[in-house]
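Keep the structure open as you read.

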Amino acid sequence: MDLALLISSFSMQRDAARHSQQEALYRSLRDLLLDGRIAPGTRLASTRTLAGELGIARNSVVYAYERLAEEGFVVATRNGTMTLWDGRGQDNVRDKSRPHPIRLSDRVDGLGNPQAEPDRMSPFVPGLPSLDEFPVAQWRRCVERAWKRIKPAQLAYGPVEGLPELRRAVAAYIKVSRGVRCETDQIFITDGTQGSLELCARMLANAGEFGWLENPCYNGARTAFRSAGLCLVPIEVDDEGMAPREDQWRIHPPKLIYTTPSHQYPLGSLMSMQRRAALAEKARECGAWIIEDDYDSEFRHRGQPLPAIQGIHAEAPVCYLGTFSKTMFPALRLGFMVIPSIAVGPLSQTLRELVHRGHPADQLAMAEFIDSGLFARHLRTMRSLYTHRRGRLEAALARHLGTALKVRESSGGMHLSAELTVPLQDTEIARIGANQGLMLQPLSRYRVADGQTYNGFVLGYAGLTDRTMEKAVVQLAQLIEAHHPKADHAPI
Ligand SMILES: Cc1ncc(COP(=O)(O)O)c(C=O)c1O
C-alpha cells in the first residue's frame, strides 16, 4: 500500500476539507480505491501501523476501517488484517458511493443543448414580443381581481381542460379571429404550445410511427416528436408552405403532421388555401393528425389572413394549437389546443391521468383580459408596432448589408428570415457574434434530419426599438464584412 499517497490525501481531507481525523481517513481510502489509485486486493496496513504513520489515534483508524467494511470496500482476512476488496461485487460498491451513472433515454439522447442559456433580451432573439410595451398595470389589475374572486375550492387541482371562463373566452376569440370551428368543450387550456405539442405527440402517436415535420422546422416540435419516439420525416417547404411529395404519403405514411401554415417557422411562407385543403384531405385518408401551430398569426402586416386548416371541415383531423406567449408574454405559460369534438371524451379522460392543472388566477385574469377588450386593444397596438419594426429592419438591413443577406418574403409575424448570399457559414458567424454579445439564430440549425439545409439567420424584430435595431444591424454588417471583405454586397 502506497503510504505516501494515503498520507497526502489524508492531509488534504483533514486540512483543506476540514474533516475529522476518522472521517478524513475514511474518505481518503474510499476515494483512492474508487479512483483506482489503490488497486483492489491491496493489503492495508494494520491499524496500529497506520495510526503511527498518520499520527492519529488508533480508534480513528478502527472507525475508518469498520465503516469501509460496512460499505463493502474492505474485508477482514483470517489473521485480522484488512485487505481492500478484491473485485467481487464491484458494482455494489460503486453504486453505494458514486453518483449513479447518468444515461438519458434514447428518446432524448442528443437533444441536449450544450450552449449556455442565451440572453433572451438580446437583439434579434426570435419569438419574443415587445415586453417593454406590455400593459403591466392593466394585467396586474386583472390578476388582483381574479385572486379576490377565487374560492377555496379553486385552490385544489384544477380541471384538466382548464377553467370554463378561459375556455369560453378563447373559443369566442378564435372563432372570429381565426375562422376556427369550435365549441367551448373542444378547447383545452395548456401551459403553452410546447406543453400542447408534447401531449399531442404522446397521446396521438405510437413510438416508431412517422412524424412529419416541415424542413426547416420549429425546434420545439422536433423535440416533442423525438422525445415521444417518433421517426422524423423532413418535408420540404416552398413558397406555398409544406410541400409533401406524392411518394412520401406512401413510403412514410404519417401519424402526425406538424405544420405552421399561417407563417412557416422559420422561413415565413403562407400555406395556400389549395395546399391546406389537400393536406387535410390526405391526412384524413391516411388516418393522420395535423398539428396546426398557429403561433403568431395575430400579427399580419399585409394581405388578408387565410382561415385555419382546422376550419376547413367540421371534423378535420386537426389539433389546432395557440399560445399566449406571443400575444401576451412567454412567462405566462398559457396556451390552448382545439381538438375535434369526437376526440374530446377520450382526450379528457387520458389527460386526467397525464397532467395536473393549476394557475387559476392567471386563467381567470386571461379570461377577463379577453372579455373586457383589453386583449384586442393590446393586439392592435402591437400589430402596428411590429409592422413598423419589420419595415425598419428591412430598410436597415438593405442600408448596411446590401445584398449580403436576402430577406425572404413573408406577410406577418415577429421575425424575418434572411439567407446569406456570400460564402460564409451561418453557424460560424453566429459563434463569433455570440462572443460579441450578438445572439444570432442560424437558419441551418432548423434543419430536420437529412432534409435540405438553409444558410442564414432568423432575426426577431418585435422587441427591437429603433435605436437598438440600428446598432444591432450595424454590428451584424461589420461582422459579415470583417469575415468576407471582398464580397460584392455594397450597401444600397
Ligand atoms: C413556431 C412556434 N410555435 C410555438 C412557440 C411558442 O411556444 P410556447 O407557447 O411553448 O411558448 C414558438 C416560440 O417561439 C414558436 O416559434
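Arginine 167 sits in helix 7, which covers residues 164–178. Bear in mind that this is a predicted model. Is arginine 167 buried or exposed? Arginine 167 is buried, because 23 other C-beta atoms lie within 10 Å, and 20 or more are enough to count as buried. Setting aside residues up to four places away in sequence, arginine 167 touches Glu161, Gly162, Thr184, Ile187 and Ile189.

Now for the helix pairs. Two packed helices are described by the angle between their axes and the distance between the axes. Here are two pairs to look up:

| Helix pair | Angle | Axis distance |
|---|---|---|
| Helix 8 (residues 193–204) and helix 9 (residues 219–227) | roughly 30° | within 8 Å |
| Helix 2 (residues 21–34) and helix 4 (residues 58–70) | about 45° | 8 Å |

With that angle, helix 8 is roughly parallel to helix 9, and helix 8 passes helix 9 in a right-handed crossing. On the helix 8 side, Thr193, Gln194, Leu197, Glu198 and Ala201 make the contact, meeting Gly220, Ala221, Ala224 and Phe225 of helix 9.

The angle in the other pair makes helix 2 oblique to helix 4; helix 2 passes helix 4 in a right-handed crossing. Residues at that contact include Leu25, Tyr26 and Leu29 of helix 2, and Val61, Ala64 and Leu68 of helix 4.

Back to helix 9, where Ala221, Arg222, Ala224, Phe225 and Arg226 are buried. What do the buried residues of helix 9 pack against? They pack against helix 8, plus strand 4 (210–215), strand 5 (231–238), strand 7 (254–259) and strand 8 (289–293). Just past the end of helix 9, glycine 229 has a positive phi of about 80°.

On to the cores. The largest nonpolar core has 107 residues, and the members touching the most others are Ala201, Leu213, Phe225, Leu256, Ile290, Ile291 and Cys319. Domain 2 (132–374) and domain 3 (377–483) each supply at least three residues to this core. Apart from it there is another core of 18 residues, with Leu6, Leu44, Tyr65 and Leu68 among them.

Finally, zoom in on leucine 213. Beyond its neighbours within four places in sequence, leucine 213 contacts Ala221, Arg222, Phe225, Leu232, Pro234, Ile235, Tyr258 and Val448.

Key: Residues are numbered from 1 along each chain as its sequence is written. This is a predicted model: local features need pLDDT of at least 70, side-chain atom pairs count only at pLDDT 80 or more; totals for chains, interfaces and linings use all residues. A nonpolar core is a set of buried Ala, Val, Leu, Ile, Met, Phe, Trp, Tyr and Cys residues joined through C-beta atoms within 7 Å. A residue is buried if 20 or more other C-beta atoms lie within 10 Å of its own, exposed if 12 or fewer, and partly exposed in between; C-beta atoms are placed from the backbone. Domain bounds come from an automatic or database domain assignment. Two residues are in contact if their C-beta atoms, placed from the backbone, lie within 7 Å. Axes are lines fitted to C-alpha atoms, for helices over the stretch in contact, and angles run from 0 to 180 degrees between N-to-C directions. Helices (H or I, at least four residues) and strands (E, at least two) are DSSP runs, numbered from the N terminus. Angles under 35 degrees count as roughly parallel, over 145 as roughly antiparallel, 65 to 115 as roughly perpendicular and the rest as oblique. A crossing is left-handed if the near helix is turned anticlockwise from the far one by less than a right angle, and right-handed if clockwise.
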